Number of protein chains: 2
Amino acid sequence: MAGLLQHSGIMMKLAALCFVTYLQVAQIAEARIRYHKWDVKYEFRSPDCYKKLVITINGMSPGPTILAQQGDTIIVEVTNSLITENLAIHWHGIRQKGTPWSDGTEAVTQCPLVPGDTFKYQFTVDRAGTYLYHGHYGMQRESGLYGSIRVSPPDGVSEPFAYDYDRSIILTDWYHKSTYEQAVELSSIPFVWVGEPQSLLIQGKGKFDCSSAPAPSGVCNASNPECSPYVLTVVPGKTYRLRVASLTALSALSFQVEGHNMTVVEADGHYVEPFVVNNLFIYSGETYSVLIKADQDPSRNYWMSTNVVSRKPETADGLAILNYYPNHPRRSPPTLPPAGPIWNNTAPRLAQSQAIKARQGFIHTPPPTSDRVIVFLNTQNTINGYVRWSVNNVSFSLPSTPYLVALRQNLHRVFNQNPPPEGYDFANYEIYTKPNNTNGTSSNAIYRLQFNTTVDIILQNANTMIENNSETHPWHLHGHDFWVLGYGKGKFDIHNDTKKYNLVNPIMKNTVPLHPYGWTALRFRADNPGAWLFHCHVEAHFYMGMGVVFAEGIEKVGKLPSAIMGCGETKGFDKP
Amino acid sequence: MAGLLQHSGIMMKLAALCFVTYLQVAQIAEARIRYHKWDVKYEFRSPDCYKKLVITINGMSPGPTILAQQGDTIIVEVTNSLITENLAIHWHGIRQKGTPWSDGTEAVTQCPLVPGDTFKYQFTVDRAGTYLYHGHYGMQRESGLYGSIRVSPPDGVSEPFAYDYDRSIILTDWYHKSTYEQAVELSSIPFVWVGEPQSLLIQGKGKFDCSSAPAPSGVCNASNPECSPYVLTVVPGKTYRLRVASLTALSALSFQVEGHNMTVVEADGHYVEPFVVNNLFIYSGETYSVLIKADQDPSRNYWMSTNVVSRKPETADGLAILNYYPNHPRRSPPTLPPAGPIWNNTAPRLAQSQAIKARQGFIHTPPPTSDRVIVFLNTQNTINGYVRWSVNNVSFSLPSTPYLVALRQNLHRVFNQNPPPEGYDFANYEIYTKPNNTNGTSSNAIYRLQFNTTVDIILQNANTMIENNSETHPWHLHGHDFWVLGYGKGKFDIHNDTKKYNLVNPIMKNTVPLHPYGWTALRFRADNPGAWLFHCHVEAHFYMGMGVVFAEGIEKVGKLPSAIMGCGETKGFDKP
């Protein structure tokens, strides 16, 4: 009996050993390491025919596309070859489970990378989908420091839709002033707004009208091949998965392909219950996959275009060419580019937002209730004469020592330890009129969340400091996806609007628009140990203070790499 | 007997106590702390009527003048409010005895100060004289980050010359491109040279001809009061000590005051045996005091002017007004500004260099011999297709971890541990012809000097990579003054030229020109524990590798402040 038990024990151990070995082999076979070595520097480029300094990665802007498979580990060794300027790169949509120090959020998860230094970003991509990376220091993103991340499903798992080819494009807007000049103007008294962009780029290519503004000799050259339009070549009859992302500095966009419908199938890494659109509204920080069938007259090319919505456009539409093979890729379509939707009609934008639901079979059901509700009133304020953006009349400022380090090492002096406001004066604040918001404050206080609790965020829009004006704010959450429970108009009603929440098949996203004079309701689980930024993805708005930080489960964060230190309170030697 | 001895002992102790107390009181009375708090940021300014981003200190460029008395301690708390760009400020001419970490030399004595951080520079000014401060990171100096330091003699000590008033001006040249744009062009293939400056400034004011180049609307405004000329108001009959310094990015200058001679009395903090000049040649990094007597027709104003020498000028002369009180300070002189000397005659420049001797009664006699002679051949080289400046065909590059920290903490991986060359191929290298210098190397190796030894440096000029061209290089030594033993033409002859050394009354300086096709011989004592840069003060030349580092007495350097760390190998926690 004893011998039998012993024998049985040995057999179980052998079986366990075999299983572990199998797992290890499987892991080796499936989870690869995707290693990249990047050199980041300034170079002169003419993406819209106008020559200016652009931040390139290995000579490219947009940077190289990162291709990976679910479960892979991505390692990107970044060398800062900017000359006097620091650097941080954010992996937008990647939740950084277990690697909160790799989120690339300067002052939140790391000190910036000084010139000459190399930093190793290392993280796992744990879900198939369409993601992005971009600079997250100052306003470097809009200097051209961005690119695509495309994660495919694991072997043997197929997408729930069919296509023949997979393509990625990123839409941006483009300014001719340097980010320094813009930042100085935004921080000046009197305030100088960045204004509308000079051009719209599709996958890094646009066209500025050189005759429209004086420029020093040689700066604007309409025949520069760098600003020939982006060309997407298609084979007639084939279906294309087009991954469309926006990393505009400012602009809300509509994207359309002349003569072709688009079927929306993915948003921010989650499958969407398919729906068909003529034009896709897209906000900075969002990614979508749309299916396009090359089923039109194959004897010609077609326009793809982007145009500004939500702000009165002063920028020419961005144009690219859908090239039906074997037509010449540079052959202009015989028609005028499609006119996008009018800029100031919010209804179709709200309708598209509301149309996005999780795909049947891929629904992550949200928790039915939340543990905490935080309301974020989006306002402009003046503080000591400076114009700022705020939530709940508090404009966000960044500390000298990153939150992640300060929290993990209990450096309490580093930031304001008082909790910031959970809401605003719901009863009396009037969202439809120009407020007298001269009483704002600036703070680096943060929201501490109980680990593994469920948090609801209500984004509440309002009138800006300009009469009859409310703007679109795309809010992006780091370290998490959230459920999008609902959108509405006017002031959020905690008693009635919550009843209309979609708790059945809400889409999960990481970026969501807040429409003019509207509200957007989100829910997420505070289940990712770290410090995470939640902010308006409009570059100038975040620069002007439109963001907050959530911290959760800090005690579960592993040993911080010394490479994220070097600023504020973290100078010295950490090594034995 | 024992009682008497004991009594005597007590008396001695009392006497000693009194003496110490006296010393302390005297020290309190004499050696003050001069505290400054600076905020450094970018602002739009129009120093020559053309609006561009300028680095200001507390809103000013040039920054505030530091006034102190010999023996004082200067504390400058600098906050970096540049947005994404680091910072370091060098105290030019201050030897930093005992405070080598306050020299402000990025990558040599400290990590750069990241945005949001505050750094406390603290040092003693141990000798009366005229000094400077300026940015020492990237090419920030030429963005307007500079100012004057004026140190007066101790109480009861008078200067060996008489004057009624004391004034300081700094001469600069000014570019309209940002330092980023310049740096990217300098680091490009094909190489793009920064070219001649757009204007010359006197104490931060110049005049660009707005009609000479197209600019976007509102950028160039000839009637902007910011670019009204600098005015030096004088009372007829009075004598002015004018402290003239140059911090040009590139240009060697001549400075002249219409109708007035100048008596040179001080150079780089050392008294000069007085001599009279019509025009003062001055090189970037040099300071001079000249005496000017307001003894001309008092019914009018006079021009002060600077013009480019040593390079073919393409820049209008810089103009300021010597205003005889009570004439209106803006009244233009009735005459044409004085034409400076012609640009390409080296002889008077060499003659002025040779005329500068230590003043009788203030001679520091140099050691009669040296322990080591290092020859620095100044050349251009190409390295992997990039154009670089070099000494002995080695182009200098900066490490990620500052030398001072690496040396003090024995971080050997941080820089190349092999000694760089002590000379060049004296016999075969032809200094008068265009060389085939495509075989250069780049290195961050340094010269280690035995503590308290005497070192001779021979700067040897040569032809650049352009036919029949040799440039003027002003070399600046950190942490020391050197004796200027001699200047000569052609290739230095170790056997004969050394015999002509001035060992009797050589001036001590910290910056000295190397004239075209000439040599300059220096001697200094390696008596200041630390790591010290020695480099061409032309901003673009140093950026392109024209410098070396000396290290001495590192074991005598005190505990390094953690505030200088944060880059390279020095990230983490140094604190208990």
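Tutor: We start with a term: a disulfide is a pair of cysteine sulfur atoms within 2.5 Å. The model is predicted, local features need pLDDT of at least 70, side-chain atom pairs count only at pLDDT 80 or more, and totals for chains, interfaces and linings use all residues. Residues are numbered from 1 along each chain as its sequence is written, chains are lettered from A and ligands numbered from 1 in the order in which they are written, and side-chain values use heavy atoms, without hydrogens and water.

Student: How do you know that A:C49 and A:C227 form a disulfide?

Tutor: Their sulfur atoms are 2.0 Å apart. The cut-off is 2.5 Å, so the pair qualifies. The rule gives 6 disulfides over all chains.

Student: What is the handedness of the link between A:C49 and A:C227?

Tutor: The torsion about the S-S bond is about 100 degrees, so this disulfide is right-handed. The bond links distant parts of the chain, with its cysteines 178 residues apart. A:C49 sits in the loop between strand 1 (33–45) and strand 2 (52–57) of chain A, and A:C227 in the loop between strand 10 (199–202) and strand 11 (231–234). Strands here are DSSP runs of E, at least two residues; helices are runs of H or I, at least four; both are numbered from the N terminus.

Student: What makes A:C49 buried or exposed?

Tutor: Buried means under 20% relative accessible area, exposed over 50%, and partly exposed in between, with a 1.4 Å probe and protein chains only. A:C49 has 0%, so this cysteine is buried. A:C227 has 1% and is buried too.

Student: Which handedness does the link of B:C210 and B:C220 have?

Tutor: The angle about the S-S bond is -80 degrees, and this link is left-handed. The sulfur atoms are 2.2 Å apart. Both cysteines lie in the loop between strand 10 and strand 11 of chain B, 10 residues apart. B:C210 has a relative accessible area of 21%, so this residue is partly exposed.

Student: What pattern do the disulfides of chain A follow?

Tutor: The pattern is 1-5, 2-6, 3-4, with bonded cysteines counted along the chain.

Student: How do you know how chain B is related to chain A?

Tutor: Copies are superposed by least squares on the C-alpha atoms of residues with pLDDT of at least 70 in both. A rotation of 180 degrees, with 0.0 Å of shift along its axis, puts chain B on chain A with an RMSD of 0.0 Å. The copies are therefore related as by a two-fold rotation axis. They use the same surface: 100% of the contact residues of chain B recur in chain A. Contact means heavy atoms within 4.5 Å.

Student: Which residue of chain B comes closest to the rotation axis?

Tutor: B:G566 does, with its C-alpha at 1.8 Å.

Student: Why is helix 2 of chain A called largely enclosed?

Tutor: Of its 8 residues (179–186), 7 are buried, so the rest of the structure largely encloses this helix. The buried ones include A:Y180, A:V184 and A:L186. Their cover comes from both chains: it includes strand 21 (386–391) and helix 5 (539–543) of chain A, and strand 2 and helix 2 of chain B.

Student: What makes A:D72 and A:R34 a salt bridge?

Tutor: A salt bridge is a side-chain nitrogen of Lys or Arg within 4 Å of a carboxyl oxygen of Asp or Glu. Here the closest N and O atoms are 2.7 Å apart, so the pair qualifies. A:D72 lies in the loop between strand 3 (66–69) and strand 4 (73–80), and A:R34 in strand 1, so the bridge ties together parts 38 residues apart in sequence. A:D72 is buried at 0%, whereas A:R34 is partly exposed at 21%.

Student: How far apart are the closest N and O atoms of A:K41 and A:D39?

Tutor: They are 3.9 Å apart, and the limit is 4 Å, so this pair also counts. A:K41 is partly exposed at 30%, and so is A:D39 at 25%.

Student: Which parts does the salt bridge of B:R523 and B:D456 tie together?

Tutor: The closest N and O atoms are 2.6 Å apart. B:R523 is in strand 30 (518–525) and B:D456 in strand 25 (454–460), so the bridge ties parts 67 residues apart in sequence. Both residues are buried. The structure holds 46 salt bridges over all chains.
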